[in-house]
Amino acid sequence: MKSIEAKLATGLGLFLLVFSVAAVLWTWSVSHSHTKKSTAGQAALALEFDLAIRKYTGEKIRPAMEEHIASDEFMPETMSTSFVARSIFEEVRKKFPNTILKFSSDNPRNPANQAGPEELKIIRYFNENPKAKQWSGEIYMGGKLYYAQFNARRMEVKCLRCHGVPEDAPASMVARYGEIAGFHRPVGEVIATDTIAVPVDGINAAITADVVRQSAIMLTAIVLLFVGIVVMFRLLVSHRLAKITDHV
């Protein structure tokens with residue numbers, strides 16, 4: 001009887017161990033996949049919101065302002081699509097301080113938009129692939145891992161006034177930003193990217209903690225199940241078989 005109990009316990013233990021490992025891996029995979037999709041959705045929503053702000057500023061607000069100011073004037077607070085979008089998102093970032101919104105460029109007018117090494121690689125990718133419009137994936141920025149979405153902004157003819165040569169730009173713009181930053185851009189070149197980046201490290205840590213908590217509960221339940229099955233086998237099967245054997 002003891003041999004039968006040992007074989008049953010060993011077989012059942014191995015089965016429950018394999019089941020536990022498979023369940024933990026499945027839970028981790030499902031949680032990670034769900035969180036990744038959720039993070040991608042948040043980044044996509046933020047990017048679309050940014051693009052909508054820039055489009056409205058460029059198509060509605062800027063033309064209206066140009067009718068009320070001198071042709072040699074430029075007010076970034078109402079006429080620069082990147083300035084307006086960034087100002088709005090700065091308010092949003094007070095609630096989400098770890099999320100990054102910037103207009104990554106190798107020669108920005110705002111130093112805060114200076115592209116880092118990995119962002120420069122994305123800009124290079126867009127320049128090497130003229131048909132590419134967006135890129136998304138995990139990327140390191142400032143030594144931290146982010147899930148990021150990049151939207152390429154290519155130089156167009158209508159942008160030459162502000163990004164061509166300083167002589168053609170509004171005098172107030174040159175006075176404010178100088179004659180180097182943001183100028184001398186050829187048509188077709190990617191001058192910047194709309195960049196949205198959501199931190200991944202914190203999300204992965206939260207997933208790990210959640211999986212560990214769920215796994216601990218599941219393993220506790222499996223151990224109790226294992227002990228219960230062994231005890232029930234001993235009481236209902238092993239004990240009675242022993243009596244029958246002794247009787248025979």
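These are my notebook entries on the fold of this chain, taken from a predicted model.

**Entry 1: the overall layout**
I began by counting elements and found 7 helices and 4 strands. Reading from the N terminus, I get the order α-α-α-β-α-β-β-α-α-β-α. Next I checked how spread out the chain is. Its radius of gyration is 31 Å, well over the 18 Å that the globule rule gives for 248 residues, so I noted the chain as more spread out than a compact globule. The C-alpha trace spans about 110 × 35 × 25 Å along its principal axes.

**Entry 2: the sheet**
Which order do the strands take in the sheet? I read β1-β4-β3-β2, in an open sheet with antiparallel pairing. The edges are β1 (100-104) and β2 (134-141), each of which pairs on one side only. From one strand to the next, I find a twist that averages 25°.

I then looked closely at β3 (residues 144-154) and β4 (residues 190-199), which are joined by 9 bridges. One pair I wrote down from these strands is Asn151, whose bridge partner in β4 is Asp194.

**Entry 3: a helix on the sheet**
I followed helix α4 (residues 117-128) and saw that it lies across β1, β2, β3 and β4. Against β2, helix α4 runs at about 160°.

**Entry 4: surface and contacts**
How much of the chain is buried? I have 33% of the 248 residues down as buried. The chain exposes about 15300 Å², and carbon and sulfur atoms supply 64% of that area. Last, I took contacts between residues at least 6 apart in sequence: 64% of them join residues at least 24 apart.

Methods
Residues numbered from 1 in each chain as written. Predicted model: local features only at pLDDT ≥ 70, side-chain atom pairs only at ≥ 80, totals over all residues. Heavy atoms only, no water. Pairing = 2+ DSSP bridges. Helix = DSSP H or I, 4+ residues; strand = E, 2+ residues; numbered from the N terminus. Axes fitted to C-alpha atoms, helices over the stretch in contact; angles between N-to-C directions. Contact = heavy atoms within 4.5 Å. Rg over C-alpha atoms; globule rule 2.2 N^0.38 Å. Buried < 20%, exposed > 50% of the residue type's maximum accessible area, 1.4 Å probe, protein only. Areas by Shrake-Rupley, 256 points an atom, 1.4 Å probe, with all protein chains shown as cover.
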